[in-house]
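Thanks for coming. I will go through one model today, starting with how its elements are named and then moving from the whole chain to single residues.

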Amino acid sequence: MEVNETNRPLTEAPENNMQEASVSTVEEPQAVYEPKQTKTEVIQRLKEINENNGNADKQEIDQLKQTFYKLHKSEQEAARKAFIEGGGNADDFVPVPDSDEKEFKEVMKAIKEKRNVITAAQEQEKENNLQKKLDILEKMKAMTESSEDTSKIYNDFKQLQQEWNEIGQVPPSKVNELWKSYQLYTEKFYDMVKLNNEFREYDFKKNLEQKTHLCEAAEKLADEPDIISAFHQLQKLHQEFRAIGPVAKDLRESVWARFKAASTVINRRHQQHFEELKEKEQNNLDQKTVICEIVEGMEYDTFTTFADWEEKTQEILALQAKWKTIGYAPQKMNVKIFERFRAACDEFFRRKGAFFKTVKENMASNLEKKKALCEKAEALKDSTDWKATSEILTQLQKEWKTIGPVAKKHSDSIWKRFIGACDYFFEQKNKATSSQRTAEIENQAKKEEIIKQLAALEESGNTDEATANQTRELMRKWNAVGFVPFKEKDRLYKEYHSLVDKLFDRLHLSATEKKLSNFRANLKEGNLYRDRERLVRTYEGLRNDIQTYENNLGFLTTSSQKGNSLVADINRKVERLKADMELVLKKISAIDEALKNQQ
């Protein structure tokens, strides 16, 4: 009788190559679990795992742990931020103990102990299974070397095969070695068996049906939408395929080729899935790195006003919002890049808190200085030494301008106190100096005439260039007219600017011209050299801001709607800053012209 079909060397047998085909070439990360939203939810899920003897994927437990401490740190950072914004020193902040953390650690400890027990039991079971299979191999080896009639021991050999298949997992390092020995003794035994053709063909047919069914099952996995599930199902099919005996020699290659082809499709999809996942995570890391560089690149020395810090705060909040729209970075970098971003944001808000604290201290000091000036002005308001007192009060007003701002709640009241004392003196002086009053009355008449001409232009409804030129000329004349009586100053100012605003709107003149006209009207007051230096510093600051925004534009991506919105917002800010720079240059030119006229 013809011997079993497996007469070729074992290394050529399709079944022996099956182990290699069943192992994916892609390192498979654990499934990604949706993080819980609160610490209570995290602890509740861990309790469920603990009650289930710690039976859960390690990836899920690690994810729950990471989520808990992320929420824990977020709460601490929020408390720290509130402490700093409330005027506290960042170095003095002490986190409040977290009552949830103790419960979290206790549950984690219990889970760890149970999983260690389970793992140890599983490893011991694998060692026991290894010994059982080694015992079966010894029995199979003895049968292949036995001189007894093989037809008598055939059923015993089949029983050993059945027992082999029912034994569970063994240590991974022993799988290939065991399988090679099992195949070797199986083929040797079949070579010894002298069964009739009918029984042999029946055995081959039964094995063919089982392997064909496995081939069909593997081919159907190509349509499985869950790639990870398909991969794991394929591994089980490979284990079943190995456990089935041989088929007819002329069909062996084709059956194995069919099963291998179906396996290749699943393995290729599995590999491609994780390559795409890695590429997406790397892209997320690149975007998050750019955001970190933007925050880290803040030029803190240029933030000198509340408006500066508020504007930058809005930028930080916009970047934080964009960060939340970006997915996970690669696992080994995900926590590091988040820590980097959080550290950069923490540094920004720390510096902001320090700035506000310093400003508050300066405002308190400024308030005391202004109170002292108020007391000096109030002591002089009843003086009749017009010339000397005027010089002193004028000097006090100049000194007032050199003092920085005070808190908003005190700003109006302290100013009204100071200017009230000054105005009272000058009103008394004006009553006593009729000649000066005569000049002011003449100036009032001139300004009222200008207002009358502006009103006529406004009523005409003309929108030609001549009307625009007449408007500019009347504005120039207004700026050239001197002081008017104090009690008429506000009325004339309101009438004049109301008409100018209407003409500007109708003639479509730029707001810059109006601002520049108002600036020229006030040039006669104050220190022109000091004002010029201040404007030069403002110009340099605007130029630096524009450069910073334009540099940041190169780092931002517009792949999302929020990204497009952020880029558009920065572009609008750049255009507005350029317009402000142009106005500052014109103001500097106006000061230069005024200084030239004084000389």
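Helices here are DSSP runs of H or I of at least four residues, strands are runs of E of at least two, and both are numbered from the N terminus. What you see is a predicted model, where local features need pLDDT of at least 70, side-chain atom pairs count only at pLDDT 80 or more, and totals for chains, interfaces and linings use all residues. Residues are numbered from 1 along each chain as its sequence is written, and side-chain values use heavy atoms, with hydrogens and water left out.

First, the chain as a whole. It has 19 helices and zero strands. Of its 599 residues, 37% count as buried. Buried means under 20% relative accessible area, exposed means over 50%, and partly exposed is in between, with a 1.4 Å probe and protein chains only. Contact means heavy atoms within 4.5 Å. Among contacts with a separation of 6 or more, 81% are made by residues 24 or more positions apart.

Next, the cores. In soluble globular proteins, nonpolar side chains tend to be buried together. By nonpolar core I mean a set of buried Ala, Val, Leu, Ile, Met, Phe, Trp, Tyr and Cys residues joined through side-chain atoms within 4.5 Å. The largest one in this model has 40 residues, and Ile-316, Phe-341 and Phe-348 have the most contacts inside it. At least two residues each come from α9 (249–296), α10 (306–325), α11 (331–380), α18 (528–553) and α19 (561–598). The largest share, 10 residues, is from α19. What does Ile-316 touch, not counting residues up to four places away in sequence? Its partners are Val-295, Met-298, Cys-345, Phe-348 and Phe-349. There is also a second, separate core of 18 residues, which includes Leu-130, Leu-160, Trp-179 and Tyr-185.

Leu-160 lies in helix α5, residues 150–166. Its relative accessibility is 6%, so Leu-160 counts as buried. Beyond its neighbours within four places in sequence, Leu-160 is in contact with Ile-136, Lys-139, Met-140 and Met-143. Leu-160 and Ile-136 are 24 residues apart along the chain, and their C-alpha atoms are separated by 6.5 Å.

Now the cysteines. A disulfide is a pair of cysteine sulfur atoms within 2.5 Å, and a search of the whole structure finds zero of them. Cys-292 is in no disulfide, and the nearest cysteine sulfur, that of Cys-345, is 7.9 Å away. Cys-292 is buried, at a relative accessible area of 0%. Cys-345 is buried too, at 4% relative accessibility.

One helix pair is worth a look on the screen. Axes are lines fitted to C-alpha atoms, for helices over the stretch in contact, and angles run from 0 to 180 degrees between N-to-C directions. The axes of α3 (residues 58–85) and α11 come within 10 Å and cross at roughly 10 degrees. Angles under 35 degrees count as roughly parallel, over 145 as roughly antiparallel, 65 to 115 as roughly perpendicular and the rest as oblique. α3 and α11 are therefore roughly parallel to each other. On the α3 side the residues include Lys-73, Glu-77 and Arg-80, and they meet a set in α11 that includes Glu-339, Arg-342 and Asp-346.

Asn-207 is found in helix α7, residues 197–220. With a relative accessible area of 8%, Asn-207 is buried. Leaving out residues up to four places away, Asn-207 touches Ile-244, Gly-245, Pro-246 and Val-247. Thr-325 is in helix α10. At 42% relative accessibility, Thr-325 counts as partly exposed. Thr-325 and Asn-284 are 41 residues apart in sequence and 9.9 Å apart in space, C-alpha to C-alpha.
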